[in-house]
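Welcome to my notebook. I jotted down a few things while looking through this structure, starting with charged pairs.

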Amino acid sequence: MLDEYLISRKTYDSSKNPIFKFIKNDFKRDLERSLGENFSIDSYSRTKDLGTIPRVKIIDNTVADQDFYLNLMYYFKADMSGLYLILKVPYERKTKTKYGKYYASYLRNKSNYIREFLEENGKLEDNLVFSVDLAENRVKSKLHDSATIVAKYYDKYTIPSTEDLVLDIKRFSDLRKFILNNYTDQIDISVDEWISALEDNSVIDNKMFSIFDIMYDMPGCQATTGQLIKIREKLGYMNEKSYNSAIIANSNRVKNFLNKKAVYNKDGTENYWMRFFYGTEVRARNKGKTGKAFQFTLKDELIEALGKANRNDDEVDVLENVYDNDLEEDYIETERVDDMVEEKIFNSFYDYLLYKGYFFDKKTIENYLLSLKAKPFAILTGNSGTGKTKLSQLFAQYLTDNHPLENEDAISSINTEVLVGKSSESGGWSLNRNDIKDLIPIDELENTYSIIVDGVPANANLKLNPRLFYKGNELKQHLEKLAEEDQKQKVPLEILLDEKIVNSSNKEYISFKTSDSRIYDDFFGLSDHFVCGVLGLDKYGEMDFYFDGQKSREHFWARTQAKSNDKDLIKHLKSLDNLSDLEIKINKEDLFNTLLKSDFVEETNISFERKIGAHQNWCMPSNSFKNFLHVKNSSNWRVIVDGIEAIVEFALYSVCFSLSDDDLRNHFSKKDPNDTIEIKADLSTISYYGDKSELFKEFSSEFKENGTIIDSNYKIIPVGANWTENRHIVGYYNVITNEYQSTPAYDLIKAANKSTEPYFLILDEMNLSHVERYFADFLSAIESGEKIPLYGEEELTLPENLFIIGTVNVDETTYMFSPKVLDRANVIEFETYSARDYMNNEINLTAPSGNISYLENPLAGDEIRSYGIDELRNLFDEVEYEGELFWNLLTNEIYEFQKILKESGFDFGFRVINEIVRFMAVAWEYEDKPDEFTNWKRYFDACIKQKLLPKLHGSEKIIGETLDKLYSKCVGKHLTYETANYPESARKLKEMRDILTKQRYVSFIN
């Protein structure tokens, strides 16, 4: 087999390959003969199963249900250098499909716990291995490794005798029998176990039961985070971002209640989700692009238990009066578009608008988004109530909520090969330049530069040589082993660009000392007392509680968990003599993010039910913490423990209280402990035994100086009629407090400076005050790129990812825009639909149909904003229209309009020309860069209306003739504006002419 397999595969067709026939017939017969009548062999007769890694299953006929629990198999290495005898958890396609992303973790945990059981019972021999290398880099091969409990390896050149091979098989078969007869599974939960957990109110809280109930009624018992949020929002639970904390807390309680083992990810962190759900990564389309998405499915046993469990409906959030089955069905029908999952629900912004109940025509959407790509400043005008502010708000929300899939050309990983060599000593490799050329413009950066060294000028050549350095003893030891075999061999390397780890050494840490920490076999834990002290949760408080209507003032306290599964840290700490006065440094930013929450909600009281119990101690509902504790329910902390960097997982899992009133205790002690009582906590009566921790005060002060945390990518700023200076936007220095007084707009701009995501500053009713008085600095900075000077604070930069949108209404309380303002923005007019069409749902709309992913990413191709006229000309170098160069045609059209406008003093200069051409350039790319730009008039029509007409205003004498000439130019040889060359501009000009005739004065913004 080992000598001839590879040659035979290359020489013969699969159907006629003699080596395949040998495996199916001779090998099977000879092995069965050697093992005796108690064994039989399944040689996997399907050709495709033998193609890369030949394998055979060894069946013990004395044991029933061969496939039920464990497999005993021979696996040959793909390079035929040897083979393994493996006892493993079965690889099942059906189970793999269910578990999806979690399947490798499921197999690994199952096999690890069985192996621990064997070790505890002295069943493991020294010559066994617990990991297999099948010399193939396929996912399936890695899954076989994850499923391995124990294995024995036979090198090609040291194959033992037949007698020894048979003896090994029988030993492995005995191990299998021992496991089947004595091992109790520590991970899977049976239907009966689930029923007992579901019926005990101290295990599954109402919020988690609500999630179960929603998913139970959905097709396939599947749901995404986005769908759960939307349904629970309609039930009255607002501003929920995720359910991580609920899942963690409930999963821990189930684990403890049923005495189950923890389930771990490959990196050693605990997986709480897999206890409840299967997790499948699927392909999904969004905005015309295909990418990966994630969905959760209730586990089979949990689904069956939910149908059988006897739980009081009054305790289940989702079955309260506010819940409506029709509402749920309506939501699911709308939400589950093409099985889009994990918050990637909408194919486009257009779909998102329709889902939200807003109607905007195709051209308005396109013009708005194309304008932002050409220049980050736009003015929206139209009648009140036409959706100017709403469109901007919804687009910002869409970018945040929908998480658009990345551009299909985006790189998620670097795949290459590296030489083993001396990498175990050097700690890394030099990478091939071609591997990263798509990430970093190496060729552009490598050049000759002028330099000055200690005052001496010179020329120098910049050369970039990428290097990669790894961390971790496991990889180091693996490379040492490979180097012993052959230093010249190459191994695959994959750099996962989506899993970037922040370099914590550059962050600011705060140091603590503790003697109250614990080290266990598989994790390091910080004590509840220590964590509560750090966060200020040790300042216990008290409030008024009502037990079945009877008042008693009781104290409450928080319970937390903070632990790390980092193997290097655990190994190091175990080597220490003691853990007294252990120094722990925690990243200040991570602690601050735990302390200050954006979802803090003030409520008067919380009502819930609990069983009386034997001790009359209770915990409050987990979803109530945010009402009175300024601490996130869960977060990760970067820490340095005794010099070792690691991640600590923090969770606030309960707030507890007990009944101290003797009369009430006596009253309830006479009742059945299984009886339930109604408890109400009056949050308005809370008093804390101490103030917030010193750490909290320090952070609050520090971040007050640096700007507050922004939890949204947009701010709507209503402009006031008294705005006469920029302090209403950028703040001011308070000479009394000696502090800089920030504003929401200032905080948003500062946040945008620290991010690469789009941010939107929406100035609502921008012309309620003279724009030039409060916005002059911004107008200048938008054009020049210079910083805005501030008194008592650093100069303010307007970053490229900041978009400023002003909305405009015109009445007797507003001011007209000056040409200076209009010249610097695209002015987009919103149409007013007829009441009849709107009320009868007869508005005919079509969706944008170009390069949607480009259109909806306002930062894609943003370099166009800085293009000069020569660069813009080069873009259209070979673009034509009806046999003529498009550039020449566009030049002539702009010149014709310039001549007409100049006659009445409304001509324009270089800035307007450049911005028109930039808009045409992004429109051309949106149309997928056609060689024949057949649709250019539609976009030039938008430029006329957005850039050339807005400055027009005056009397009949001043602009009457100009309007007529512009109308004739837009209509061309056609008779009416409906069939004009530039219909939207022609219609607007006709409207302005009609108003001018009636009122003797007109402006674009009427």
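Predicted model: local features only at pLDDT ≥ 70, side-chain atom pairs only at ≥ 80, totals over all residues.

Residues are numbered from 1 along each chain as its sequence is written, and side-chain values use heavy atoms, with hydrogens and water left out.

**Entry: charged pairs**

I looked up the total and found 38 salt bridges. I then picked out Glu-915 and Lys-947, whose side chains meet in a salt bridge at 2.6 Å, N to O. Glu-915 sits in helix α34 (residues 910-926) and Lys-947 in helix α35 (residues 936-948), so this pair ties together parts that are 32 residues apart in sequence. Helices here are DSSP runs of H or I with at least four residues, strands are runs of E with at least two, and both are numbered from the N terminus.

Are Glu-915 and Lys-947 buried or exposed? Both are buried; the word means under 20% relative accessible area, while exposed means over 50% and partly exposed lies in between (1.4 Å probe, protein chains only). I also saw that the two belong to a network of salt bridges, together with Lys-375, Glu-783, Asp-823, Arg-911 and Lys-951.

**Entry: pairs within one helix**

Next I checked Lys-476 and Glu-480, which form a salt bridge with their closest N and O atoms 3.9 Å apart. They are separated by about one helical turn, because they stand four residues apart in helix α20 (residues 473-485). Lys-476 is partly exposed at 30% relative accessibility, and Glu-480 is partly exposed at 33%.

I found another such bridge between Glu-896 and Lys-899, at 3.8 Å, N to O. Here the residues are three apart in helix α33 (residues 886-902), so about one helical turn separates them.

**Entry: an asparagine in a loop**

I turned to Asn-801, in the loop between α28 (771-784) and β31 (802-808). Asn-801 counts as buried because its relative accessible area is 5%. Its side chain reaches the backbone oxygen of Ser-755 at 3.1 Å.

**Entry: cysteines**

How many disulfides does a search of the whole structure find? I got zero, with a disulfide taken as a pair of cysteine sulfur atoms within 2.5 Å. I noted that Cys-970 is buried, at 0% relative accessibility.

Terms used: Polar contact = N/O pair within 3.5 Å; in protein donor to acceptor, adjacent residues only side chain to side chain. Salt bridge = Lys/Arg side-chain N within 4 Å of Asp/Glu carboxyl O.
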